Amino acid sequence: MPVQALRISVAAAALIGLPFAAQAAGMPQFDLTRFPTQIFWLVVCFAVLYFLMAKAVLPKIGATIESREHKIQADLDAAQKANDAARAAGVEQDKALTEARGQASSLIREASEAAAAQTSAKLHEVSERLGGEIAAAEKRIGEQRTQTLAGLGSMSTEIATAVLGKLGGSADPAQLARAVDEAAKAGKP
Amino acid sequence: MASPLEQFAIQDLTAPLFTIGGHHIAVTNSAIFMMSAVVLSSGLLLAGAGKGAMIPGRIQAMAELFYEFIANMIRDNVGSAGKKFFPFIFTLFIFTLFGNILGMLPYGYTFTSQIAVTFFMAMVVFLGVTLIGLFKHGLHFFSLFFPHGAPLFTAPILIPIELVSYLSRPISLSVRLFANMTVGHVLLKVLAGFVVALGIFGVVPLVVLVAITALELLVALLQAYIFTILCCIYLNDALHLH
């Protein structure tokens, strides 16, 4: 700073001598007789411009800029508010969705449990019924079989008697039945 | 060929209108351009401020650009205390800017190339700023001439230097603007003289002339900016000391 100050002071000292040199060189700027006129017009023009700027131009532009900033701020605030509301609605929706999902899944679980229970009950019933039927059928078959087997002995005896008759022989029916019985027993696996 | 300095002569365009302190005041070529600067700038800015539309048009955008430019300059260099001086600084910038730019028009007159004008403006700023400083800080204002924290024995050297530096502010401020504008226009005039004198070979200085014109336009903008920002810095010194 002092260096610059020194430089400026030297320049200033040189300048004090300059006007005389410049006047001699014919620079119209240093014609002191023309100073008052210029200063008069400078003061008048500057004052008019200052008045126009201070009273008309600057307050108006300032108000415009300020109202624009207010408007932008208000718009930004409104946007922020809308954004917040949208976010809150989103959270709300998510919550409702989660709830509904939970409800739906519990409903599904209940329904499937009920269905499974029903099915197993029916299955149980059917299998019981079928078991009963099968047992009855087996019993019937067993009876028939016994009957048939019983019938088979006498039939074999009759056939054997008939065959013997054809061959011209005869046999004691009791002996024949015993022989058939023994053959049947031997034929059994 | 006319002297390149002739363009700076103040010419009376009317008979003296009235007399102030023995000085005849007439409308001069310089005055015409000062008035043009006032009319053009206020016309443009009034048109720009006029509608106050939420979405600015071109002229309004330009007016707002000027407004924001100076408002930011004051905010950055002076702070909130500078708000009161906003209309003055703004007027200073607009007046200087339009003076510089109008001077670039062919047959134009650059009133900012007059030391009378720049020195008067600089003196008003200098005296105003000094009075503001004295009014705000009282005698404490003179601490401006002794940097805070400097060893006491340096005072006999530092205080005169700072004092001279402070007192030369209006000179450096006014000469910077005046010299820049004067030199630029002398250069343009000399080059234009070459264009005419060299005949067909005048194309070469013509090309240079076009380039220098662009440069001078930049200088016109830049010097208005520098003049204004230095006023802000001086104002800041007065308001906040160092």
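## Chain A

Chain A has 3 helices and 0 strands. Helices (H or I, at least four residues) and strands (E, at least two) are DSSP runs, numbered from the N terminus. The order of elements in chain A, from the N terminus on, is α-α-α.

Of the 189 residues of chain A, 9% are buried. A buried residue has 20 or more other C-beta atoms within 10 Å of its own, with C-beta atoms placed from the backbone.

## Model and confidence

This is a predicted model: local features need pLDDT of at least 70, side-chain atom pairs count only at pLDDT 80 or more, and totals for chains, interfaces and linings use all residues. Residues are numbered from 1 along each chain as its sequence is written, while chains are lettered from A and ligands numbered from 1 in the order in which they are written.

The model scores ipTM 0.93 and pTM 0.74. Chain B has a mean pLDDT (the predictor's confidence in each residue, from 0 to 100) of 92, and 99% of its residues reach 70 or more.

## The A–B contact

Chain A gives 40 residues to the contact and chain B gives 49. Two residues are in contact if their C-beta atoms, placed from the backbone, lie within 7 Å. On the side of chain A that touches chain B, α1 (2–25) and α2 (35–167) of chain A each supply at least two residues. The largest share, 26 residues, comes from α2(A).

This side of chain A divides into 30 nonpolar, 6 polar and 4 charged residues. Nonpolar covers Ala, Val, Leu, Ile, Met, Phe, Trp, Tyr, Cys and Pro; charged covers Asp, Glu, Lys and Arg; the others, Gly among them, are polar.

Conventions: Buried ≥ 20, exposed ≤ 12 C-beta atoms within 10 Å, placed from the backbone.
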